[in-house]
Amino acid sequence: LCAVQNHLGTSAHGGHYVADVMDWTTGVWYEFNDEDVTILEGGPTSSFEPLKPKDDDDKPQQQGKNRKINGSQDAYNLFYVEESYLSEICKGELQHFMEIEGIKDDSGALDDSNVLESVKVQRRERYHIELENQTKNKLKDSRIRHRQEQIIEKMFLPTSQLAMVANANNHVWVDSHFLRRFFSCEDGMDDLFRITHESPPILRSQSFLCEHSRGLHPRVARTGKLLPPNVYNELETIVQEEYLTFLQDEGHGAAMISALKLVLSDIKLVEGCNLTCQECGLRYQQEARTKYDQFNTLLSIYDDLAVGENDIDRGADRVPPDTHVISRTWVTSFRKYIEKKVNELKNTPSKNATDESKPTTCGGIDNLDLSELDLGEANKKNIDGGEKKSTESTDPFKGEDPTSKISCIHERCPLMNIRKSVRLIPCGVWQKIKKVFPKALPHRFEYPLDYAVGNCVKCHEEKERERLFPQKLICWKDEIARPGVLNYVLKRGDQANQMYPVEVEIALQQSACPLALRVLHH
C-alpha cells in the first residue's frame with residue numbers, strides 16, 4: 001500500500017478530497033490537504049477491523065449494523081505497487097545516486113533480492129531518527145507554550161502596578177538580544193541551555209564589561225534593558241524552570257539534576273550600583289558632545305552651501321576681501337553626504353535599501369558614523385577609545401577635500417577664475433570648512449594680473465618651457481652642426497674628468513666613432 005484517496009462529504013456530487021501518501025524511502029505517511037501537509041504517525045486508518053472474540057469487558061462484540069466501526073469511512077481508492085516494480089525503481093535510483101557520489105557496491109546491496117531489504121533497513125533507521133526529532137520538537141513546543149503562559153501570568157503587570165514598578169529602584173540590566181529571544185518565544189533556546197549544561201551560566205553579563213571591569217560602557221549599556229527587581233526575579237524563575245525541564249527532556253536523571261548547582265547569571269548589573277563605569281562615562285560624554293558640535297558645524301556648512309546661498313559673483317564691481325574659492329564638485333558631494341547622514345539620524349531607510357525585515361536602531365547622534373571624514377586630531381579615536389579605522393575604501397569624497405581638485409603642485413589655484421570649476425564663498429563659511437577639513441589649502445580670491453599667465457606664475461612658466469622645448473631643440477641641433485662645436489664640448493669634458501670608467505675606455509677603443517661616445521659620456 002503506497003497511497004489512499006479520501007473523499008470527505010455526504011454525496012458523490014460534492015465534497016473535499018484528501019490524499020494519504022507514503023514516502024517509500026522513509027516509510028513515513030503524509031496527509032495532503034490542499035496546502036497543509038501533516039505527518040500521519042500511525043499511517044492511514046482503516047474503516048474495517050476483523051471481529052475479535054471478546055473485547056476488554058469480556059463481552060462478545062456486536063454483530064451487523066450495531067457493530068462499532070473504527071477508523072476512516074472516507075477512503076474509496078487504495079493504491080498498491082508491486083514489489084518487483086518497486087525493486088526496479090529503487091535499484092535504478094540507487095545506482096544513479098552511487099554513480100554521482102562515486103560509491104562502489106561492494107556489499108551487493110543492489111542485487112534484485114537485496115535491494116528492497118536494504119531500503120527497508122535504511123527506511124527503519126531514517127524513520128526512527130525522524131520520529132526522535134519529532135518527539136524533541138514536541139517537547140520543545142511544550143516548553144515554549146509554558147514559557148508564554150508564565151510570561152503573560154507573571155511578567156505582564158496590571159496597569160495599577162506599572163507606575164509603582166517604574167519608580168522602583170535597583171533596576172537590573174539584561175542584554176536585549178537575550179530578551180528578544182526570551183519574549184519572542186520563537187525558539188526553545190536549546191543552544192543556551194546546552195552550553196549552560198557544559199559551562200554555566202545562562203545570563204552572561206560579565207562579557208559586556210568595559211576594559212576597566214568596573215561596569216558597562218554607556219554605549220554597551222544602551223544595547224540592553226533595565227528590568228524592575230520583581231520582573232527580573234520572575235525572569236530568572238521562568239528560565240530556571242525551563243532549563244530543568246530541558247534537562248529532563250534530554251534524558252538526564254533526577255539524581256544528576258538535583259546535584260546540579262544552577263547559576264543563572266555570572267554578575268548582576270544593578271542601576272546606581274555597578275551598572276556603568278564612571279571613567280568610560282565621562283569620556284563618552286566628552287566624545288559625544290564633540291561629535292554633536294561637529295555635526296552641527298556640518299549642518300551649518302550644508303545650509304551655507306545651498307544653491308544660491310553665499311555664491312559670490314566674480315563679475316561684481318568689487319569682490320569682498322578675504323573671499324575664498326572651493327571646488328564646485330566637492331560642494332555637490334558634500335551636500336549629498338550630509339543628506340544621507342540626516343536620513344540616518346532620522347532613521348529613514350535609504351532609497352536603495354532592499355532588506356525591509358532588518359530591524360533599525362534609533363540611537364541618535366551616538367550611532368551617527370562620521371569616521372569617513374577627516375575631522376582632525378579631535379576625531380583620531382572613535383567613541384570607544386580605539387584607534388580610528390582606515391576609511392580609504394569608504395571615503396565619500398574619494399580622497400577629495402574642498403580645494404584639492406583645484407590646487408596645483410605649487411599650492412596655488414590656477415582655476416580660480418573659471419566659474420564652472422570653483423565657487424566663491426565668504427570668509428566666515430571658509431572658517432567653518434577649515435575647522436572640519438583642516439588639511440584643505442586656503443585660496444583667497446584674487447584677479448590675475450595677466451589672464452594669459454593666470455593665478456600661478458610657476459605653472460605658467462612650466463607650460464611655456466614645455467611649449468618652447470621643440471623650438472629650443474631645433475636651435476641646439478643647428479648650433480652643434482657648426483664645425484668645431486663637438487671638439488669644444490669634448491675638450492671641456494676632458495678637462496673636468498680625465499679618468500673614464502673601465503667600461504667607457506673599452507668602448508672607446510672598440511668603437512668606430514670614439515669622438516661621439518666621449519661627447520655622450522660627458
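Predicted model: local features only at pLDDT ≥ 70, side-chain atom pairs only at ≥ 80, totals over all residues.
His 7 sits in strand β1, which covers residues 3–11. With a relative accessible area of 15%, His 7 counts as buried, because the cut-off for that label is under 20%.

Who does His 7 meet? Setting aside residues within four places in sequence, its contacts are Gly 14, Gly 15, His 16, Tyr 17, Asp 74 and Tyr 76. Gly 14 also brings its backbone oxygen to 3.1 Å from a polar atom of the His 7 side chain.

## Two nonpolar cores

The largest nonpolar core is made of 25 residues, and Phe 178, Phe 182, Leu 235 and Val 239 have the most contacts inside it. Elements giving two or more residues to this core are α2 (115–155), β6 (172–175), α4 (176–184), α5 (190–198) and α7 (229–249). The top contributor is α7, with 8 residues.

Take Phe 182 as an example: leaving out residues up to four places away in sequence, Phe 182 touches Arg 147, Ile 151, Met 155, Met 189, Leu 235, Ile 238 and Val 239. There's also a second, separate core of 21 residues, with Ile 326, Leu 370, Ile 425 and Val 436 among them.

## Arg 412 in its loop

Arg 412 lies in the loop between α10 (328–345) and β9 (422–425). Its relative accessibility is 34%, so Arg 412 is partly exposed.

Beyond four places in sequence, Arg 412 is in contact with Ile 406, Ser 407, His 443, Glu 446, Asn 455 and Cys 456. With Glu 446, the link is a side-chain polar contact of 2.6 Å. Cys 459 is 47 residues from Arg 412 in sequence, yet their C-alpha atoms are 9.1 Å apart.

Definitions and conventions:
Residues numbered from 1 in each chain as written. Heavy atoms only, no water. Helix = DSSP H or I, 4+ residues; strand = E, 2+ residues; numbered from the N terminus. Buried < 20%, exposed > 50% of the residue type's maximum accessible area, 1.4 Å probe, protein only. Polar contact = N/O pair within 3.5 Å; in protein donor to acceptor, adjacent residues only side chain to side chain. Contact = heavy atoms within 4.5 Å. Core = buried A, V, L, I, M, F, W, Y, C linked by side-chain atoms within 4.5 Å.
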